[in-house]
Amino acid sequence: MNERFQLKYVSLRQPYLFALLLMVVAALVNLVLQPNLLELRVLNGNLRSFLPLMIVTAGQAIVIMGSGIDLSVGAMVSLVTAVLVTQMSLDASAGQILLVILLACGVGMAAGGLNGFGVAWLRLPPIVTTYATSFIFSGLALWILPRPGGNMPETFARWYRQATPLGIPLGIWVAAVLVLLWYLLRKTKYGSYLFAVGGKPDAAYATAVPVTRVLFSTYVIAGLMSAFAALALTLGTSSGDPRIGAAMTLDSIVAVVLGGTRLSGGQGGVAGSILGVIILGLIRNIISFANVPSWYQTLVDALIILIALAGPGLVQLIRRRRVA
Amino acid sequence: MSRFSLPKLSPPLIALLLAVGLFFLGGLIRPGFVNATQAINIVRLAAFLGIIAAGQTLVILGGGEGIDLSIGAVVTLAAILAFRLNEGQNELVPLALAVALAAGAFIGLLNGLGVAFLKIPPLVMTLGMAGVVQGLILAITQGEMIGDTAPVMGRYISAPLVLGIPGVVFIWFILALLIWLLLERTTYGKQLFGIGVNRVTARLSGVRVPLVVLVTYTLSGLLAAFGGFMLLGFTQTVFMNLGGPYLFPSVAAVVVGGTALSGGKGSYWGTMAGALVLTLITSLLTAMQLPEAFRQMTLGAILLILISVYGRQRGLRQ
C-alpha cells in the first residue's frame, strides 16, 4: 500500500510518467487486439501514420512551453502541402526536390513568422491571432491548390514508405531525432530562455531575457515543423489535399497535454508530447480493431481521450481527499 | 515605445461605430446593400451569433484562461434534440426546449466540474468535451436526421413579428437585459468579475471560486443550447456541423467587443456589437461574391486587424 502511494507521488512529480503508463496500457491492449502489431511491416506502417502529427506536435509543444498556443498549425500544413505538390514535378531530380523542400520550409517559417510577429511584437493574444491567421493560410492553400491533386516523385515517396534504416521503423528514427534535438536545445541558453519566457515573462524581461525574440522564434519553429509534417503527409499519400491539415491542430494540442505539458507554459517537453501522439494513435487503432460499431467510434474515442486528459487531475483529487 | 491609442471611447461603442461604418461601406461596394430589409436581416443573423456568444462572454470574463470550445458542438446537439423531439408539432415545443436546455446545461456542468475540481485547463476540458458531444451526436442520430421543426418556431424566431423585425431580435435584447442584470446587479456577477480579476484575492475575500466557475460553465452550456434551439427556428433543419461555424466567431465576437481574454474586464454589450461586426464582415464578403479562397484570406486579415486595434495585451515594459 505504501509503495503504491509512493509510485503515485513520483507520477505526480513527473507528469509524463502518466503518459508513459497510459501508452504501455494502450500498447498492450492494442497488441491483444492486433497480434501482428510488432511485425516490422505493420509497426512501420503504424508509426509512419503517426509521423506527421508527431512533427507538428513537437512544434506545438515548443509554442505551448513558451505559454502560447498555435491554432494555425493545421492550416500551415495545408498551405505547405499545396506548395509542395504544385511545385514538385513527377520526374524531379534530387536537386530539384531539395529546392522545393527548401521552398516549403521557407513558406512554413514565413507563416510561423506572421504568427510570431502578431503575438510577440504586437502582443496580440495567441488564441485569436493564430485563429485569424489560420484563415489566411487555409485561404492561400485553397488558392494555390483548389482541389486535391498534385505530384510527388514516386521513387522518393516509395523510399519514404518502405524505409526502415538498420531495421528500425522510420517513425522511431524521427521520434528519436526530435527528442534528441529537444534535449540538445534544452541544454542551450535558448532552452532556459524558453522556460523563463513561458513561466514568468515579466521576470524574464526584467532579467534581460530577449522575451520578444524567444516568443517569435517559437512560432517560427512551429511553422517549420508544420512544413516538415506537410512533406511527410504528401510523401505518404503521393498527392496533396488543400484541407488535409485541418484535423491536426486540435490533435496536436491534445497530444501535448496528454504528454504532461501544461498549457500555462514554462514547463514540459517534446518527449512527453510525442508519447501523447503515440497514445492518440494507439487509441484510434484499438477502436478500429475492437469492432466498435462505427456510429459509436467517435464517442468512445473522445471519452477515452477525455478520461486520459482528466487522469492526472483525478489522481490528484483522490490524493488530496486521502491526505485530508 | 509610444503605442497607438484610440480616443477615449468604450470598446462596445467603437465596435458599434465600426458595425455602422461597415454597413455603409457595404453600400459603396455593392449598391442596394444599404436598406432597412438588409439591416434587419443582418441584425437577425447577428442575433444567433450573439445569443451563442453570451455564455462565451461569461466564461471569458471569469478569467483563469477560461474559454468554452464545446459551444459549437452543444449548439448542434441542442438543435438536433429539439428537431427530434418536437416532430413538427407546436405542443411538443416546450418539451423539446426543456430537453435541449437541460442537455446543454448538463454538458456545461461537466465542463465546470472538470475545470473547477479536476483543474483541467478550460481549453483542453472543453475541447475534449466538444469531441464527446460530437460523438454523442453521431451515436444518437446514426447519421439520420429524423424529426421536424414546429411551425410556431419559425413564426416566432425568424419570420417578421412586429414592424418587420423577427422575434429572435427581441429575444436577443431581452437576453441582453437579463445578462446585464446578472452581471451588474447580482452577487454572482460581482463574484464573476472578482474571480476574473484575481482568483486569489477573490478567494480570500470569501468568494467560493469553484462554485462560481461551475455555475459559469453551466450557464455557458445552457446559453449555447438556447442558441442552438433558436438557430433551429431559423434553419428549420439540422445537420452535423450546424454549430461548428459559430465556435470561433463566438470567441472573436467577445474579443472584438473589448472583453479581455485574460478576464475580469468587459461586457455583454461589447459582445453584441462584436457579433454585429463579424456578421457584417461575413455578409459583405458574401455580397462581394469572392471565391472561397479569397473570402477566407480577407476574413483572416480583417480579424487580425480588428484584434490588433483593441485586443492587445499589456506590453512587457508596463
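User: What makes α4(A) mostly covered?

Analyst: The model is predicted, and local features need pLDDT of at least 70, side-chain atom pairs count only at pLDDT 80 or more, and totals for chains, interfaces and linings use all residues. Residues are numbered from 1 along each chain as its sequence is written, while chains are lettered from A and ligands numbered from 1 in the order in which they are written. A residue is buried if 20 or more other C-beta atoms lie within 10 Å of its own, exposed if 12 or fewer, and partly exposed in between, with C-beta atoms placed from the backbone. In α4(A), 13 of the 15 residues are buried, so the helix is called mostly covered.

User: How do you know that the span of helix α4 of chain A agrees with its 15 residues?

Analyst: Helices (H or I, at least four residues) and strands (E, at least two) are DSSP runs, numbered from the N terminus. The expected span of a helix is 1.5 Å times one less than its number of residues. For residues 73-87 of chain A that gives 21 Å, and the end C-alpha atoms are 21 Å apart, so the two agree.

User: Why is A:S67 called buried?

Analyst: A:S67 has 22 other C-beta atoms within 10 Å, and the cut-off is 20 or more, so A:S67 is buried. This residue is in the loop between α3 (40-65) and α4 of chain A. Its phi is positive, about 65°, although A:S67 is not a glycine. Most residues other than glycine have a negative phi.

User: Why is A:R123 called partly exposed?

Analyst: A:R123 has 18 other C-beta atoms within 10 Å, and is therefore partly exposed. A:R123 sits in the loop between α5 (94-121) and α6 (126-144) of chain A, and has a positive phi of about 55° without being a glycine.

User: What makes chain B as compact as a globular protein of its length?

Analyst: Chain B has 13 helices and two strands. The radius of gyration is taken over C-alpha atoms, and the globule rule is 2.2 Å times the number of residues to the power 0.38. For the 318 residues of chain B the rule gives 20 Å, and the radius of gyration is 20 Å, so chain B is as compact as a globular protein of that length. Its C-alpha atoms fill a box of roughly 60 × 50 × 35 Å along the principal axes. Buried residues make up 53% of chain B.
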